[in-house]
Amino acid sequence: MQERVTGRAPVAIRVQHIGPPRLPAGLIWRARLAETLDTGVRRAATTICAGPGWGKTALAASWAAARSMSGPVAWLTAGAQHNQPYAFWSDLILALRTAGAIPSGLPFPDAGPRNGDEPAFRREFGAAVTGLTTPVAVVLDDLHEITDPRVLNGLGGMLGHLAERMRFVLITRREPALPLHRLRAAGDLTEIHAGDLAFRADEAAALLAGRGRGRSPEALAALVRRTEGWAAGLRLAADSTDPAAADEDVEEYLLREVLPGQDDEVRRFLLRTSIPDRICAELADAITGGHDGRRMLEELTRANLFVKRSGDGRWYRYHPLFRSALRRRAALRWPEAPRRLHLAAAHWYEKNGNALAAITHAAAGEDWELTARIVVRRGLPLFVSADLAQFVGVLRRIPPEMLPATAELAVCAVLLAYARGDLVGVQRRITAARAMLAGRGDIARSEIGAALSVLESAAVIRWQGDMPYLHQAATDLLTELAGLTWDQSPALLQYRAMTLNQKAAAMLWSGRFDHADRYLWAAATAARTADVPYFEINSYALLSQLAVFQGSLREAAEHVATARGIARRIDAEGRAAIGPAYLAEALIESERGREPEAEEALRRALRALGELPEAAQAMMAGLVRVRLTLDRGEVSGARALLTQLRAEAGPLLIAPQVDRLFDLAAAEIRLAMGDPHAVLSRYAGRSPLSAAEQLCLARAHLATGDLGIAEILLARVRDGADRISAVGAWIFTALTADAQGRSSVASDALGHALAAAEPERIRRPFHRFDAQRVLVLAERQQWLTELRGAAGDGVLAEITGELPLVSAAAQSGPLSEREVDVLQYLPTVLTAAEIAENLGISVNTVKAHMRSIYRKLGAARRREAVIQARQSGLL
């Protein structure tokens with residue numbers, strides 16, 4: 001310690017404030033931040049502004065040590081004594097001399113201003129600085145210790161004006177009262193904040209390794225997440241082998257470094273508002289009973305007290321370690337306060353519509369009746385949300401002996417049973433909860449009754465598959481909901497969206513497609529409005545199935561894409577709500593002849609639907625598997641799967657559309673087995689029939705030689721809206737005409753089939769329905785008839801294997817001898833297989849020669865190749 005004499009009284013000056021501190025052990029070089037500092041000292045000022053323990057001083061010290069060879073760095077660590085102008089400026093001059101920044105012989109003040117003559121001193125100091133031969137970087141550490149306006153005004157007056165010879169690095173816990181806005185606007189200020197100082201995973205690994213505390217990648221990632229890259233937290237954790245001891249060290253550090261410097265008002269505010277994970281001004285006022293939450297939060301943020309804005313700027317968040325330390329201190333200081341604060345937060349969150357936060361705080365306050373009331377009023381939509389796991393976790397905290405106490409708690413018991421997969425017990429608990437409503441007021445009966453009805457329709461009736469019962473229950477519930485107000489049931493909009501979805505599902509599986517379409521669109525819109533995205537996803541997923549049933553692959557694919565887009569946005573691609581969309585996708589891919597993709601879509605559906613899918617979708621998944629097995633030609637396997645699936649259908653499953661799909665699958669299997677009479681018997685007397693059913697029946701009549709009835713059925717299907725069945729009907733029309741020797745009719749019918757298939761990319765019927773004869777017709781079609789435009793080209797090319805060229809421009813080169821041989825057959829009606837047989841080569845070789853001929857002649861089709869060859873004299 002030494003003394004300097006002022007004009008008034010001796011002032012103690014700590015010489016150890018001059019020069020950078022000793023570098024801490026295990027310090028690592030952080031190149032990205034050093035580069036920022038290198039850039040910053042080419043400007044007027046750089047601020048390193050963050051709370052305690054973020055490594056501000058260590059960063060600047062390591063940078064200063066590395067930079068000392070390229071220019072002087074003067075260092076002054078501020079203390080309380082530097083709130084006197086004489087002390088501050090005297091120590092700053094001493095720091096400049098110690099750093100070697102003042103050359104010998106340069107006139108320079110020896111000490112700070114005396115007798116309050118700051119203006120004259122600043123003029124003298126500024127003039128002296130302009131005489132420096134080398135720019136100097138001045139590091140002012142702990143600048144937050146200086147609050148005296150005389151010192152700050154003097155320093156602020158020099159910022160920027162001396163930038164040619166003196167650049168400042170200001171290290172502080174809060175933004176100082178300096179005119180930094182001018183430098184910021186002029187682009188002369190570089191700023192480093194806590195987010196920049198946070199250690200990244202690679203930097204944390206180097207830091208811990210330097211201290212002999214290496215961690216596995218998983219443990220390191222968890223530590224970085226928990227500390228959010230806070231340097232002191234990383235070091236304290238690294239220096240302790242006991243996690244509990246490390247937490248105590250962190251808590252002691254934070255409370256010692258942060259709270260003692262705050263007044264009682266700030267300390268009380270911090271301790272009370274640490275209860276929620278996030279805080280806003282209104283919530284802070286509700287918890288503390290005050291009215292200045294906004295001002296306090298803004299001041300804490302400016303002071304870098306481990307508080308930062310979160311989300312849209314309305315919300316703030318404490319650093320998780322700081323929040324944890326505050327909570328422990330609050331529990332020790334006011335043992336009864338945390339419960340009261342949690343309940344205040346619960347009431348505020350419920351009033352403001354955040355059900356999960358309200359329920360979580362009510363449970364933390366151990367007010368189980370309040371928890372159950374909020375669950376009934378607002379909690380049911382959480383059961384079909386991304387927050388399901390957290391919601392169920394809160395419900396499991398309710399003591400089991402409390403669950404039978406009230407109807408509201410009984411609703412919680414229903415939800416817990418459903419979460420366990422005890423679907424049989426759900427109905428029993430719903431019945432018990434309804435019995436508890438006796439003697440309750442009208443509002444309570446309506447509110448709790450509506451919640452139980454929503455649960456029953458979704459968790460019991462729809463799961464069992466009794467679609468007429470589900471339709472009636474949903475209709476009754478919609479009527480009941482129409483009589484409620486939002487005050488009586490805050491979840492009214494969500495309940496309505498959920499119930500519309502249930503009614504639409506009942507109509508779909510009852511085969512009432514027109515009504516299902518209308519209600520599914522209404523359910524999707526209502527779900528979007530009510531912010532229950534799982535039901536919006538499910539509504540689009542069911543729309544995709546409906547479109548497949550109606551034979552529109554393109555529309556079905558659009559609905560699948562919409563459902564998957566919403567699911568992707570909320571990370572719900574593996575939830576049951578989207579399972580029906582994956583099943584529709586499997587059918588789409590099957591109709592497009594993409595078996596691997598169809599199998600993969602089915603696997604996604606099974607994973608999403610889970611171990612306890614609703615009955616109708618479980619049967620649908622089984623029918624998709626039967627379809628794919630049949631497409632592979634495994635007729636016996638498909639029949640066995642269908643028999644097993646029928647046996648697994650629950651006795652409560654009443655779904656006419658499922659029954660029709662079962663019968664349709666059985667009819668296709670019978671036709672594949674050569675038993676058309678079974679199909680005729682199955683559909684005898686039935687009316688009305690869907691397009692797919694009429695096509696099956698027409699095939700059975702064709703197989704038994706009853707061409708008249710078959711043609712009537714095929715004509716109906718050809719003219720219908722079901723594009724999938726229409727393609728099949730045109731194919732059978734073509735096959736029938738060809739068998740009768742009516743080549744032009746067959747060609748025209750096949751052209752219609754190809755044209756109808758192309759927009760929807762339908763491929764399956766061409767492979768499933770007498771594929772060999774279809775191939776023969778298709779190969780003849782390629783040269784006998786020029787299709788209008790490109791209609792059907794893609795399908796035709798896939799059937800024949802003769803892909804049209806992207807460009808018809810001829811490529812040079814004469815035809816080979818074998819290509820000339822093949823060319824002679826192109827004007828005939830022989831197929832590639834028949835040409836191969838005549839030439840004694842393989843069909844693949846013939847097709848390869850044909851492609852080469854097309855390429856060399858600049859033709860896209862067989863007929864074009866013939867015309868070009870004749871014009872060239874090759875034929």
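**Close-up 1. Strand 9 and strand 10 form a hairpin with four residues between them.** In the turn of this predicted model, Gly 311 has a positive phi of about 70°. Strand 9 and strand 10 (residues 315-318) pair in the antiparallel sense over four bridges; pairing requires at least two DSSP bridges between two strands. Helices (H or I, at least four residues) and strands (E, at least two) are DSSP runs numbered from the N terminus. Lys 308 stands opposite Arg 317 in strand 10.

**Close-up 2. Three strands form an open antiparallel sheet in the order 8-10-9.** Strand 8 (279-280) and strand 9 (307-310) each have a single partner strand and stand at the edges, so one side of each is left without a neighbour in the sheet. Helix 14 (residues 293-302) packs on the sheet and touches strand 8, strand 9 and strand 10, where contact means heavy atoms within 4.5 Å. The direction of helix 14 makes about 50° with that of strand 10. Axes are lines fitted to C-alpha atoms, for helices over the stretch in contact, with angles from 0 to 180 degrees between N-to-C directions.

**Close-up 3. Helix 42 (residues 832-839) and helix 43 (residues 843-857) cross at roughly 110°, their axes coming within 8 Å.** Helix 42 is therefore roughly perpendicular to helix 43 (65 to 115 degrees). Helix 42 contributes Ala 832, Ala 833, Ile 835 and Ala 836 to the contact, and helix 43 contributes Val 843, Val 846, Lys 847 and Met 850. Seven of these residues are nonpolar, none polar and one charged; nonpolar covers Ala, Val, Leu, Ile, Met, Phe, Trp, Tyr, Cys and Pro, charged covers Asp, Glu, Lys and Arg, and the others, Gly among them, are polar.

**Notes.** Residues are numbered from 1 along each chain as its sequence is written, and side-chain values use heavy atoms, leaving out hydrogens and water. The model is predicted: local features need pLDDT of at least 70, side-chain atom pairs count only at pLDDT 80 or more, and totals for chains, interfaces and linings use all residues.

Notes
Parallel < 35°, antiparallel > 145°, perpendicular 65-115°, else oblique.
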